[in-house]
Amino acid sequence: MDQPAKTSLRKLPSVDEVTRAAGAAVLLEQYGRQALVAAVRDVLAAARTTESTPAIDAILHEADARLAAKSRSKLKPVFNLTGTVVHTNLGRALVAEAAIEAATAAMRNAVALEFDLGEGHRGDRDDLIRDLLCELTGAEDATVVNNNAAAVLLVLNTLAKGKQAIVSRGELIEIGGAFRMPEIMSRAGAKLVEIGTTNRTHKKDYAGAIGPKTGLILKVHTSNYRIEGFTKEVGARELTALAREKKVSLVNDLGSGTLIDLSRYGLTHEPTVKEAIAEGADLVTFSGDKLLGGPQAGFIVGRKDLIALVKKNPMKRALRIDKIRLAALEATLQLYRDPGRLAQKMPTLRLLARPQKDIEATARRLLSDVAAKLGDAFAVAVVPCDSQIGSGALPMEKVASAGLAIRPRTVKGAGRVLTSLSNAMRRLPTPVVGRIEDNALVLDLRCLEDEAAFLANLAALDLRHALD
Ligand SMILES: *Cc1c(COP(=O)(O)O)cnc(C)c1O
C-alpha cells in the first residue's frame with residue numbers, strides 16, 4: 001500500500017515550480033503572491049491525500065477556482081421574490097438613488113460631520129438631520145442611533161434606569177433576533193412593571209401602577225402581531241392625559257414608523273410619527289430601514305428637554321451612526337418634502353404601491369421563457385398571490401400580487417424535486433429566493449423590476465440534481 005503513494009508523491013511539483021510556471025503570472029497579478037502560494041499549497045495537499053499527481057496547469061486551474069470562490073463577496077445581491085417587501089433577512093429597505101449618491105460621496109470625502117462650518121468649531125452630527133426630522137414629524141427635537149432597538153434601549157436607560165417602566169402585557173413583544181421587550185428593559189436597568197392582561201388593559205391599570213418609582217410609561221406598537229376578539233387597549237391620547245396628570249413621561253415605540261399616510265398607496269393606514277407626536281407622546285422611537293425606506297437607523301423624536309437627556313447619556317456615543325448612513329438618511333428624509341413624487345423615488349414604496357395588474361403583466365411576459373428553461377418536468381403558471389410588507393409593519397395586511405407558480409409534474413417525490421429546484425434557484429449567480437406554498441415554488445414578482453436581468457441570470461440554472 002505504501003509503495004504507490006510514495007511514487008506519486010515524487011511526481012508532485014513543488015509550490016515554487018508551480019508559482020514560477022508561465023501560467024501563474026496572470027494569477028499572481030490578480031491575487032498577489034501570498035494568496036496564490038497558499039492556494040497552491042492547499043491544492044498540493046489535497047492531491048497528496050487523494051494520491052493524485054495533477055500537472056502544473058491543472059494545479060493552477062484548481063488554485064484559480066479556489067481563489068475565485070474565496071474572493072467572491074458573501075454579501076450577494078439576490079432577487080427577492082419572497083413576496084415580503086421589507087425582508088429583514090434580505091436587508092430590509094432598498095434605498096433611493098439620492099441616498100446612494102449621498103452615501104458614496106460621504107465615503108469618498110472628508111465631510112463636515114461634527115464641524116460647524118459657519119463658526120469653525122466642533123459641531124453635533126445630529127444637526128445634519130434634526131431640522132428635517134422636526135419638520136416631518138412636528139417634534140421639538142430629534143436624535144438618531146444605530147437602530148430602533150438601540151433607540152428603545154437608550155431611552156429606557158436614560159429615563160428609567162433604577163426606576164420602573166410600565167408596559168401593558170398586551171405589548172410585551174418579541175421582535176425577533178432576541179429583541180424581547182422584557183430583556184431590553186432589564187439590560188437598560190429599568191424594572192418592568194407589567195399591567196393588564198394579554199388581551200385587555202384599562203386606563204385604571206396604568207393609573208394604579210404609577211407611583212414615586214415610575215420612570216416612564218412605554219407604549220409599544222404591536223407591529224408584528226395582532227390580538228383580536230375581546231380586547232381593550234388604552235390609546236395614546238388617553239395615556240398622554242394620564243401621564244401629564246401624574247407627571248411621568250410617555251414613550252411610544254412605533255416600530256416601523258412611517259412619515260406619510262400609507263393609504264395614499266392603497267395600503268391600510270399605519271400610525272405616522274407625526275400622529276404619535278400630536279397625540280402627545282413625550283418621545284417616539286422608530287426605524288430607518290423599515291417603511292421609511294432608508295438605511296438602518298433608529299430615531300428618537302420628541303420633547304427638547306428629554307432629547308437633551310438622551311444625548312447626554314454616555315451610551316449614545318456607543319450607539320451613534322456613521323457619516324455614511326447619516327448622508328443616506330439625510331437624502332432619504334429630503335425626499336419626504338415632496339410626498340407627491342415619493343413613490344417614484346423611493347424603491348420600497350414604489351414596490352409596495354405596485355398594482356397587481358402590473359405585476360401580473362410581468363408574470364405573463366416571463367411565463368414562456370421560464371417554462372422553456374425549466375423544461376417538461378415542471379408546470380409553470382401565472383397565479384395571483386399575496387405579498388406582505390414585512391418587518392412587522394401591518395402584519396395582517398395582504399397586498400394583492402401575482403407571480404409564477406412552478407410545480408413538478410411528477411407526483412412521486414414531488415417534495416424532494418421542489419426542494420432541489422429552490423436550492424438550484426438559490427445557487428444561481430444572482431440567487432433567486434422564492435417561497436414554497438401549496439406544493440409549488442412561488443416567485444412573487446412584486447419586487448422584480450429588471451426582467452431582462454432575471455432571464456439572463458436564469459439561463460445559468462442547473463437542474464441536473466433536481467431531476468436525478
Ligand atoms: C422593528 C421594531 C423594533 C426594532 O427596530 P430595529 O430597527 O429593527 O432595531 C422595535 N420595536 C418595534 C415595535 C419594532 O417593530
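**Figure 1. Glu51 in the loop between α4 and α5.** In this predicted model, Glu51 sits in the loop that runs between α4 (33–50) and α5 (56–71). Most residues other than glycine have a negative phi. Glu51 is not a glycine, yet its phi is positive, about 55°. The relative accessible area of Glu51 is 47%, so the residue is partly exposed.

**Figure 2. Asp438 in the loop between β16 and β17.** Asp438 belongs to the loop between β16 and β17 (440–444). Asp438 is a residue other than glycine with a positive phi, near 50°. Is Asp438 buried or exposed? With a relative accessible area of 62%, Asp438 is exposed.

**Figure 3. The open sheet of seven strands.** The strand order in this sheet is β4-β12-β11-β10-β9-β5-β8, and the pairing is mixed. At the edges are β4 (141–145) and β8 (191–195), each of which pairs on one side only. From one strand to the next, the twist averages 25°. Within the sheet, strand β5 (residues 164–168) and strand β9 (residues 214–220) run parallel and are joined by three bridges. Ala165 stands opposite Leu216, a residue of β9.

Figure 4. Which strands does helix α13 touch? Helix α13 (residues 304–312) also packs on the sheet and touches β4, β10, β11 (283–287) and β12 (298–302). The direction of α13 makes about 30° with that of β4.

**Figure 5. The open sheet of four strands.** Here the strands are arranged in the order β13-β14-β17-β16, with antiparallel pairing. The edge strands, β13 (378–387) and β16 (435–437), each pair on one side only. On average, neighbouring strands of this sheet are turned by 35° against each other, direction ignored. Ten bridges link β13 to strand β14 (residues 399–408) in the antiparallel sense. Val380 stands opposite Ile406 in β14. Strands of a sheet pair through backbone hydrogen bonds, either parallel or antiparallel.

Figure 6. Helix α18 (residues 356–374) contains 19 residues. The distance from the first C-alpha of α18 to its last is 25 Å, close to the 27 Å expected at 1.5 Å a residue. At Leu367, α18 bends by about 45°. Which residues of α18 are buried? They are Ile359, Thr362, Ala363, Leu366, Val370 and Leu374. Gly375 follows α18 and has a positive phi, near 80°.

Figure 7. How many disulfides does a search of the whole structure find? The search finds zero disulfides. For Cys385, the nearest cysteine sulfur is that of Cys447, 11 Å away. A disulfide requires cysteine sulfur atoms within 2.5 Å, and Cys385 is in no disulfide. Cys385 has 9% relative accessibility and therefore counts as buried. Cys447 is likewise in no disulfide, and its nearest cysteine sulfur is that of Cys385. Cys447 has 18% relative accessibility, so Cys447 also counts as buried; the cut-off for buried is under 20%.

Notes. Residues are numbered from 1 along each chain as its sequence is written. This is a predicted model: local features need pLDDT of at least 70, side-chain atom pairs count only at pLDDT 80 or more; totals for chains, interfaces and linings use all residues. Side-chain values use heavy atoms; hydrogens and water are left out. Two strands pair if DSSP finds at least two bridges between them. Helices (H or I, at least four residues) and strands (E, at least two) are DSSP runs, numbered from the N terminus. Axes are lines fitted to C-alpha atoms, for helices over the stretch in contact, and angles run from 0 to 180 degrees between N-to-C directions. Contact means heavy atoms within 4.5 Å. Buried means under 20% relative accessible area, exposed over 50%, partly exposed in between (1.4 Å probe, protein chains only). The expected span of a helix is 1.5 Å times one less than its number of residues. The bend at a residue is the angle between axes fitted to the seven residues ending there and the seven starting there.
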